[in-house]
Amino acid sequence: MRKLALILCICLGINFCFASEELSKQATAFYSDNNFDKTMELLLQISENERSAQDWLLLGNLLDEKGEKEQALFMYQKALNADSKYYKAYYNIANIYLEQSKYNMAVDNYNKAIKINKTNPYLYYNLSCAYLKQGRNKDAKAALIKAVTLKNDIPEIHYNMAYVYRKLNNPKLAQIYLDNYNKLISNN
């Protein structure tokens, strides 16, 4: 009898796990379709201890969209508790800190994200924005060089490179990047 009860518990636990995974997949699909109410409804059906880092991140994104920044930060921290190598949570935390003019905290979290994912140009781009807000133009330039090296067809990177080179009194390079920006914009 005990063996049967144990087998039932194991099977039910597996079913709960599969149910959570299915709810998570559905929530992600609804999120991709901008159906945020349904996304929230599905994510809240998953027990907290079964939520993945992605689930917590989506909850944070939904709260962030509603302007509930502190609750979003809490959800992003929960994502990191679920997976400490989930760079997207650090990135979103940094974005909130950048919006809140907490530049040191933004820089710290962008750098944590970069340690995990060194190939995402947007991490370096946003890091450069935080550096610019701090007046750290040389650091901003270094981050932008890394971003443009990773992906050279993002117009905003070229625009910010032009801005940085203008701030660093290098009008020739500023003009080159401004021309690149204009070409990229006109090609789109």
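This is a predicted model: local features need pLDDT of at least 70, side-chain atom pairs count only at pLDDT 80 or more; totals for chains, interfaces and linings use all residues.
What distance should the 13 residues of helix α5 span at 1.5 Å a residue, and how far apart are its end C-alpha atoms?

View 1. Helix α5 comprises residues 87-99. At 1.5 Å a residue, its 13 residues should span 18 Å, and the end C-alpha atoms lie 19 Å apart, which agrees. Ser 101 follows α5 and has a positive phi, near 60°.

**View 2. The surroundings of helix α5.** This helix is mostly covered, with 11 of its 13 residues buried. Among the buried residues of α5 are Tyr 87, Tyr 90, Tyr 91, Ile 93, Ile 96, Tyr 97 and Leu 98.

**View 3. His 158 and its contacts.** His 158 belongs to helix α9, which covers residues 155-167. The residue is buried, its relative accessible area being 5%. Leaving aside residues up to four places away in sequence, His 158 touches Val 148, Asn 152, Tyr 177, Asn 180, Tyr 181 and Leu 184.

**View 4. An aromatic pair of Tyr 165 and Tyr 177.** The model contains 4 aromatic pairs. One of them, formed by Tyr 165 and Tyr 177, is stacked, with 5.7 Å centre to centre and 15° between the planes. Tyr 165 lies in helix α9 and Tyr 177 in helix α10 (residues 171-187), so the pair ties together parts that are 12 residues apart in sequence. Both Tyr 165 and Tyr 177 are buried.

**View 5. Arg 51 and Trp 56.** Arg 51 lies over the face of Trp 56, at 4.8 Å from the ring centre.

How values were computed. Residues are numbered from 1 along each chain as its sequence is written. Side-chain values use heavy atoms; hydrogens and water are left out. Helices (H or I, at least four residues) and strands (E, at least two) are DSSP runs, numbered from the N terminus. Buried means under 20% relative accessible area, exposed over 50%, partly exposed in between (1.4 Å probe, protein chains only). Contact means heavy atoms within 4.5 Å. The expected span of a helix is 1.5 Å times one less than its number of residues. Rings of Phe, Tyr and Trp (its six-membered ring) pair if their centres lie within 6.5 Å; planes under 30 degrees apart count as stacked, over 60 as edge-to-face and the rest as tilted. A charge sits over a ring if NZ of Lys or CZ of Arg is within 6 Å of the ring centre and within 35 degrees of the ring normal.
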